[in-house]
Amino acid sequence: MKNKLLIILFGLLFCIPNLNAQNDNLEPVESIFDDYNFQFEYYSLVRKVLMNGMSDYPEVRFLIIPSFSVEEVVAIEKEKQKYFIVHHKMTKSIWYTEKNKEIIKVNKKKVEISESDMKLYKELFKKAIAHRKYPDKELMGPDGVNYYFSVADRPLKTGTVWSPKSGSKMDRLKKIGYSLISLANDTNEGETVELKTELIERIKKLTTDIK
């Protein structure tokens, strides 16, 4: 058991993105579900348990992998010519649960979003991922949150950031990712989310600012 945990820990360390205060862009990253990472039990369980029932090719996806709290993911998915925000959140951390990981309860929410609002998020995620950059300096972060942003852009493309600096463009992007979760939580199932003007303007402004 100890050897197994060590293998998983080393896998996580190799996949933690590098900190760099001067780099205010997402970093290039392969999917955490690629052949290399998928050999680690943790990543296979994130997909199997947390993301069970979700599309493998969403319009956008915001995946949150924290150091010391529960994992969660939110995506916009197309279904029968409509678009939906789909939010899944673990009730217990996959990482810190020792037994019966595969039967941990996942809280799920699904609400409709208009195509025009979906396109706002998709344009922002696409712009952020198109401007991914490797940092000039590399410093490892022992604690924080790993954020993964994905967009359907033939194929699904992904960028990542590790606990971005407060007020930075990547911090603004993170908060907009979290806005999808808030929209899902604040909207009754069967209803369509409504973006406030302030949120729409924040999304448009950041889309312009990312370079």
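The axes of helix H4 (residues 169-186) and helix H5 (residues 197-209) come within 11 Å of one another and cross at roughly 145°. Helices here are DSSP runs of H or I with at least four residues, strands are runs of E with at least two, and both are numbered from the N terminus. Axes are lines fitted to C-alpha atoms, for helices over the stretch in contact, with angles from 0 to 180 degrees between N-to-C directions.

This is a predicted model, in which local features need pLDDT of at least 70 and side-chain atom pairs count only at pLDDT 80 or more, while totals for chains, interfaces and linings use all residues. Residues are numbered from 1 along each chain as its sequence is written, and side-chain values use heavy atoms, with hydrogens and water left out.

**The helix pair**

The crossing of H4 and H5 is left-handed, a term for a near helix turned anticlockwise from the far one by less than a right angle. From H4, the residues Lys169, Arg172, Leu173, Lys175, Ile176, Ser179 and Leu183 meet Leu199, Arg202, Ile203, Lys205, Leu206 and Asp209 of H5, contact being heavy atoms within 4.5 Å. The residues of this contact comprise 6 nonpolar, 1 polar and 6 charged. In this scheme Ala, Val, Leu, Ile, Met, Phe, Trp, Tyr, Cys and Pro are nonpolar, Asp, Glu, Lys and Arg are charged, and the others, Gly among them, are polar.

**Aromatic rings**

Rings of Phe, Tyr and Trp (its six-membered ring) pair if their centres lie within 6.5 Å; planes under 30 degrees apart are stacked, over 60 edge-to-face, and the rest tilted. By this rule there are 8 aromatic pairs, including the two below.

| Pair | Centre distance | Plane angle | Type |
|---|---|---|---|
| Tyrosine 42 and tyrosine 43 | 5.5 Å | 75° | edge-to-face |
| Phenylalanine 62 and tyrosine 147 | 5.7 Å | 10° | stacked |

The pair of phenylalanine 62, in strand E3 (residues 60-66), and tyrosine 147, in strand E8 (residues 145-152), links distant parts of the chain, 85 residues apart. Phenylalanine 62 is buried at 0% relative accessibility, and tyrosine 147 is buried at 5%. Buried means under 20% relative accessible area, exposed over 50%, and partly exposed in between (1.4 Å probe, protein chains only). Phe62, Phe125, Tyr147, Phe149 and Tyr178 form one aromatic cluster.

**Helix H2**

Because 7 of the 10 residues of helix H2 (residues 41-50) are buried, the helix is largely enclosed by the rest of the structure. Its buried residues are Tyr42, Tyr43, Ser44, Leu45, Val46, Val49 and Leu50. Valine 49 has a relative accessible area of 7%. Leaving aside residues up to four places away in sequence, valine 49 touches Met90, Ile94, Lys101, Glu102, Ile104 and Val106.

**Backbone features in loops**

Most residues other than glycine have a negative phi, and most peptide bonds are trans. Lysine 80, though not a glycine, has a positive phi of about 55°. This lysine 80 lies in the loop between strand E4 (72-79) and strand E5 (82-90), and is exposed at 77% relative accessibility. Arginine 154 likewise is not a glycine and has a positive phi, of about 45°. Arginine 154 is exposed, with a relative accessible area of 75%. The peptide bond from arginine 154 to proline 155 is cis, with omega near 0°. Proline 155 is placed in the loop between E8 and strand E9 (156-162), where arginine 154 is also found.
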